[in-house]
Amino acid sequence: MLIDTHGRVATDLRVSLTDRCNLRCTYCMPEEGLRWLARPELLTDDEIVRLVGIAVTTLGVEEVRFTGGEPLLRPGLTGIVARVAALAPRPRMSLTTNGIGLGRTAAALREAGLDRVNVSLDTLRPGVFRTLTRRDRHQDVLDGLAAARAAGLTPVKVNAVLMPGLNADEAPDLLAWALEQGYELRFIEQMPLDAQHGWKREGMVTAGDILAALRTRFELTPEDSGERGSAPAERWTVDGGPHRVGVIASVTRPFCAACDRTRLTADGQVRTCLFAREETDLRGALRSGATDEEIAALWRGAMWGKKAGAGLDDPSFVQPDRPMSSIGG
Ligand code: SAM
Ligand code: SF4
């Protein structure tokens, strides 16, 4: 098991497949993009499958989420999904994506064994989408979502980040649209993980703001009487159910005490937390001939040292050098 000194057990593995992206969301990366990892630095498909295999067969990982950067840009994605689906025990598998290209790939991914997708969409207004992502691809995302639903990658979850002055007024419209389309909407508070280090607490839309805006149009009932287990989203049923909405309040209501995540970057580094400042190099071990048991021991050692919390409220908090797109969100 991947257990830490605070008694938490990591069973949810997030794997970043690439740090590259075809959008430039303002809260994530600058217009000119970033210095992307060079090809030899990236784990190969075989290396990813081997590491996920070790996590699943010997370290107790039950759920694997592929992310990035934009994971649909990884050429071998469908093959990786198929090979992970063949592991025993078979983990649950999901993909966090901006949805561009999903129109073409959703059916094949489903066929390969993917269970579901989280698609990021922050606005219903094409013009705002263009400003927010610096690309004119709004319709591609809507098409990708529809394809995911048609392929049975359900429940299709939609992730939205609200930004003051851009889309902060869209919470009720986004929820009305998600209910109509049959998507499960989750709002994510903006976190200090942008490559530009421009995040300011005063400049973020909080979970409290989002809930107040939703309540102007919907009746929200807390779903699980304050208990959300290790799920980052707190959930509310909408207008008496069965539909619901989630809010991931990573900044104002952090859920570190119940965290069950471990992360693998596209260049093979284990991170215990989005906000960790240390990493453990599995790629180096892999490439110098380590056995599965040696790699598992390194991974266990990394997780053992996981900090109690992200420390966002600590005056000594320092944003990690790696941005979200490179860690894998
Ligand atoms: N490119 C894919 C996507 O956008 O879904 C996967 C990677 S992206 C880093 C994963 C999620 O992180 C997205 O839902 C995105 O909106 C969110 N995200 C990125 N930067 C963020 C930030 N600074 N604060 C909160 N969420 C962020
Ligand atoms: Fe790309 Fe996702 Fe970052 Fe937007 S949030 S720039 S889609 S990695």
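Biologist: Which residues is Thr97 in contact with, leaving aside its neighbours within four places in sequence?

Modeller: Contact means heavy atoms within 4.5 Å. For Thr97, the partners beyond four places in sequence are Glu70, Pro71, Leu72, Leu102, Asn118, Val119 and Ser120. This is a predicted model, in which local features need pLDDT of at least 70, side-chain atom pairs count only at pLDDT 80 or more, and totals for chains, interfaces and linings use all residues, while side-chain values use heavy atoms, with hydrogens and water left out. Residues are numbered from 1 along each chain as its sequence is written, and chains are lettered from A and ligands numbered from 1 in the order in which they are written.

Biologist: In which strand is Thr97 found, and is Thr97 buried or exposed?

Modeller: Strands are DSSP runs (E, at least two residues) and helices likewise (H or I, at least four), numbered from the N terminus. Thr97 belongs to strand S3, residues 92–97. Buried means under 20% relative accessible area, exposed over 50%, and partly exposed in between (1.4 Å probe, protein chains only). Thr97 counts as buried because its relative accessibility is 2%.

Biologist: Which side chain does the side chain of Thr97 join in a polar contact?

Modeller: A polar contact is a pair of N or O atoms within 3.5 Å; within protein, one must be able to donate a hydrogen and the other to accept it, and residues adjacent in sequence count only if both atoms are side-chain atoms. The side chain of Thr97 has such a contact, of 2.8 Å, with that of Glu70. The side chain of Glu70 also has an N or O atom 3.2 Å from a nitrogen atom of ligand 1.

Biologist: How many residues surround ligand 1?

Modeller: A residue counts here if one of its heavy atoms lies within 4 Å of the ligand. Ligand 1 has 18 such residues, the closest being Tyr27, Gly69, Glu70, Ser120 and Met191. A polar backbone atom of Met191 is 2.8 Å from a nitrogen atom of the ligand, and a backbone N or O atom of Tyr27 lies 3.1 Å from a nitrogen atom of ligand 1. The protein buries 95% of the 540 Å² that ligand 1 exposes when taken alone (Shrake-Rupley method, 1.4 Å probe).

Biologist: Which residues surround ligand 2?

Modeller: The shell of ligand 2 consists of Cys21, Leu23, Cys25, Cys28, Met29, Gly69 and Asn98. Cys25 counts as buried because its relative accessibility is 15%, and Cys28 is buried with a relative accessible area of 15%.

Biologist: How many disulfides does the whole structure have?

Modeller: A disulfide is a pair of cysteine sulfur atoms within 2.5 Å. The search of the whole structure finds zero.
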